[in-house]
Amino acid sequence: MAQDGTTGVVTLEPQQGERIRGVAAGLGGTADADMEITRPELLEARRTGDIGLVHSWELVTAVDGPGTRMTIFLSGCPLRCLYCHNPDTMEMKEGTLESVESVANRVKRYKRIFDATGGGLTLSGGEPLFQIAFTRRLLKMVHSAGIHTTIDTSGYLGARLRDEDLDNIDLFLLDVKSGDEETYQRVTKRQLQPTIDFGDRLSEKGKRVWIRFVVVPGYTDSEENVNNVADIVARWTNNVERVEVLPFHNMGADKWKKIGMPYELDDVTPPSPEHVEHIRDIFRSRGLEVH
Ligand code: SF4
């Protein structure tokens with residue numbers, strides 16, 4: 001998911017006549033609001049990707065990829081990161097049902113802005129590969145309209161992407177949340193290996209990748225863990241363009257409480273700038289470009 005969707009939000013001039021940031025309701029326009037569908041029809045539509053559960057969306061600059069981007073947050077994620085700042089996207093509960101055509105059409109309306117800024121669409125979440133059929137079709141529609149596409153993923157479900165899907169994705173924001181199985185599972189409740197496998201595959205294919213690593217004091221910031229992450233990323237120097245080292249923050253805590261989930265990181269304070277810089281240096285020592 002977006003590591004810091006709270007910065008870089010821009011607003012358009014009022015003549016655009018609509019919200020550019022908000023919950024997903026209305027993303028698909030009135031056609032979806034009028035959509036009536038039975039439960040079996042809905043299950044079928046989810047299977048085919050005709051319909052997806054969209055949590056929210058925003059237009060951002062300088063985060064989630066290059067240029068000005070429409071970042072769409074899709075519901076559903078198999079991980080349970082302790083520091084998740086969008087815990088309301090973990091379950092397939094919140095959001096609005098949107099048809100893939102209407103979402104693609106909405107994205108395409110911003111093509112002029114994307115072209116002018118070098119931006120495009122970023123699918124985030126949650127985990128965009130959780131609703132794989134919807135994601136696959138949306139990426140294809142948007143990419144074939146000449147719009148730059150990015151997915152923001154943990155890589156845990158990377159095997160769900162077929163090779164032809166990879167052709168519809170211009171940039172991968174790949175989170176490597178820790179560098180060994182034990183730490184990874186402590187932080188995410190899932191396994192690390194699928195992320196490594198996916199990174200290896202992207203490297204073999206020469207796909208553009210930006211790596212993200214979140215510094216969580218007491219959890220992910222030990223020398224050993226950071227060196228392990230750096231070693232993993234160093235396998236992919238042919239296609240990794242940058243590493244983004246992001247300091248943990250507590251801004252998601254309220255959301256955890258609001259949805260009644262226990263938040264374990266209340267006592268964790270953000271890392272000092274010096275510590276973050278030291279961690280960036282560890283990545284730089286592997287010849288990686290770090291931001
Ligand atoms: S991968 Fe982790 S941080 Fe991202 S949405 Fe899932 S639980 Fe949250």
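Helix packing and core

Reply: α3 passes α5 in a right-handed crossing (the near helix is turned clockwise from the far one by less than a right angle). This is a predicted model, where local features need pLDDT of at least 70, side-chain atom pairs count only at pLDDT 80 or more, and totals for chains, interfaces and linings use all residues. Residues are numbered from 1 along each chain as its sequence is written.

Me: At what angle do α3 and α5 pack?
Reply: About 35°, with the axes of α3 (residues 100-108) and α5 (residues 132-144) 9 Å apart. Axes are lines fitted to C-alpha atoms over the stretch in contact, and angles run from 0 to 180 degrees between N-to-C directions. Helices are DSSP runs of H or I, at least four residues, and strands are runs of E, at least two, numbered from the N terminus.

Me: Which residues of α3 meet α5?
Reply: Val100, Val103, Ala104, Val107 and Lys108, against Phe134, Arg137, Leu138, Met141 and Val142 in α5. Contact requires C-beta atoms, placed from the backbone, within 7 Å.

Me: OK, the core. Which residues touch the most other members?
Reply: In the largest nonpolar core, of 68 residues, they are Val107, Leu138, Val142, Phe172, Val209, Ile211 and Val233. Such a core is a set of buried Ala, Val, Leu, Ile, Met, Phe, Trp, Tyr and Cys residues joined through C-beta atoms within 7 Å; buried means 20 or more other C-beta atoms within 10 Å of a residue's own.

Me: Which strand gives the most to this core?
Reply: β8 (residues 209-215), with six residues.

Me: And what does Phe172 touch?
Reply: Ile151, Thr153, Leu202, Lys207, Arg208 and Val209, not counting residues up to four places away in sequence.

Notes:
A residue is buried if 20 or more other C-beta atoms lie within 10 Å of its own, exposed if 12 or fewer, and partly exposed in between; C-beta atoms are placed from the backbone. Two residues are in contact if their C-beta atoms, placed from the backbone, lie within 7 Å.
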